[in-house]
Amino acid sequence: SKQNIVNKMVLTDIAGIGTRSLWSLLNIFHYKCMKFLARIGLLDDWFVGKSGSEDYASLDDIMKKTFTNIVKVNQKRELKDIDAPCLVVWGDKDEATSLRAGKYLANHLNAKLVVLGGGHYAFLEHKDEYLKMVNEFLGS
């Protein structure tokens, strides 16, 4: 029998759903091309270091490998195993993890989707509103 170890979940701009936007895919392709050109000596490594997401660029080489592995994972099949109520909070202008992923989660989980104005860190841009929602959701 399935054991419920989580009563409620809050998911905020998470990776792992595999619903990248065309813009995101083009950025990844651009970065990989630049990385290849740097490896064969046709481009200075400095340009490559200035590419990629802010999250990725801020990491050391070991953490970059870990980050890459995390964002490549597709957890769609595991969603069927989650029956706990979820609060899904997303930024409407999130370019790192598309709002499409948040909508997918809300449609495939016992979830309420809340869309905030802002990007990948909308939860920080609207910190007070976010904390109030989370507290209400977890406290009820």
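Along the sequence, the protein runs in the order β-α-α-α-α-β-α-β-α-α. That gives seven helices and three strands, where helices (H or I, at least four residues) and strands (E, at least two) are DSSP runs numbered from the N terminus. The model is predicted, so please keep in mind that local features need pLDDT of at least 70 and side-chain atom pairs count only at pLDDT 80 or more, while totals for chains, interfaces and linings use all residues. Residues are numbered from 1 along each chain as its sequence is written, and side-chain values use heavy atoms, with hydrogens and water left out.

**Overall picture**

- Of the 140 residues in the protein, 30% are buried; buried means under 20% relative accessible area, exposed over 50%, and partly exposed in between, with a 1.4 Å probe and protein chains only.
- The protein exposes about 9,700 Å², and carbon and sulfur atoms supply 57% of that area; accessible areas come from the Shrake-Rupley method with a 1.4 Å probe, and for residues only the protein chains shown count as cover.
- Taking contacts (heavy atoms within 4.5 Å) between residues at least 6 apart in sequence, 67% join residues at least 24 apart.

**His120 and its surroundings**

- His120 sits in the loop between strand E3 (111–116) and helix H6 (122–125), and His120 is buried, at 17% relative accessible area.
- The His120 side chain makes a polar contact of 2.8 Å with the side chain of Asp94; a polar contact is a pair of N or O atoms within 3.5 Å, where within protein one must be able to donate a hydrogen and the other to accept it, and residues adjacent in sequence count only if both atoms are side-chain atoms.
- The side chains of His120 and Thr97 are also joined by a polar contact, of 3.4 Å.
- With neighbours within four places in sequence left aside, His120 contacts Asp13, Asp55, Asp94, Ala96 and Thr97.

**Asp13, a residue with positive phi**

- Asp13 belongs to the loop between E1 and helix H1 (22–39), and Asp13 is buried, with a relative accessible area of 6%.
- The phi angle of Asp13 is near 50 degrees, a positive value in a residue other than glycine.
- For background, most residues other than glycine have a negative phi.

**Helix H5 and its buried side**

- Helix H5 (residues 99–108) has Leu99, Ala101, Gly102, Leu105 and Ala106 as its buried residues.
- These residues lie on the same side of H5, because they cover an arc of only 155 degrees around the axis; the arc is that of the directions from the helix axis to the C-beta atoms.
- The buried residues of H5 pack against strand E1 (9–12), strand E2 (86–91) and E3.
- Ser98 caps the N-terminal end of H5, with a side-chain oxygen 2.9 Å from the backbone nitrogen of Arg100.
- Ala106 is buried at 15% relative accessible area, and Ala106 touches Ala111 and Leu113, not counting residues up to four places away in sequence.
- Ala106 and Val88 are 18 residues apart in sequence, and their C-alpha atoms are 6.6 Å apart in space.

- The whole structure holds two aromatic pairs; rings of Phe, Tyr and Trp (its six-membered ring) pair if their centres lie within 6.5 Å, and planes under 30 degrees apart count as stacked, over 60 as edge-to-face and the rest as tilted.
- Tyr121 and Phe123 form a tilted pair, because their ring centres are 6.1 Å apart and their planes stand at 55 degrees.
- Phe123 and Tyr130 are likewise tilted, with ring centres 5.7 Å apart and planes at 50 degrees.
- Ring pairs link Tyr121, Phe123 and Tyr130 into a cluster.
- Within that cluster, Tyr121 is partly exposed at 34% relative accessible area, Phe123 is partly exposed at 23%, and Tyr130 is buried at 13%.
- Thr12 lies in strand E1 and is buried, at 17% relative accessible area.
- The side chains of Thr12 and Tyr130 are joined by a polar contact of 2.7 Å.
- Beyond neighbours within four places in sequence, Thr12 is in contact with Val89, Phe123 and Tyr130.

**Lysines over rings**

- Lys8 lies over the face of Phe137, 5.2 Å from the ring centre; a charge sits over a ring if NZ of Lys or CZ of Arg is within 6 Å of the ring centre and within 35 degrees of the ring normal.
- Lys76 lies over the face of Tyr104, at 4.6 Å from the ring centre.
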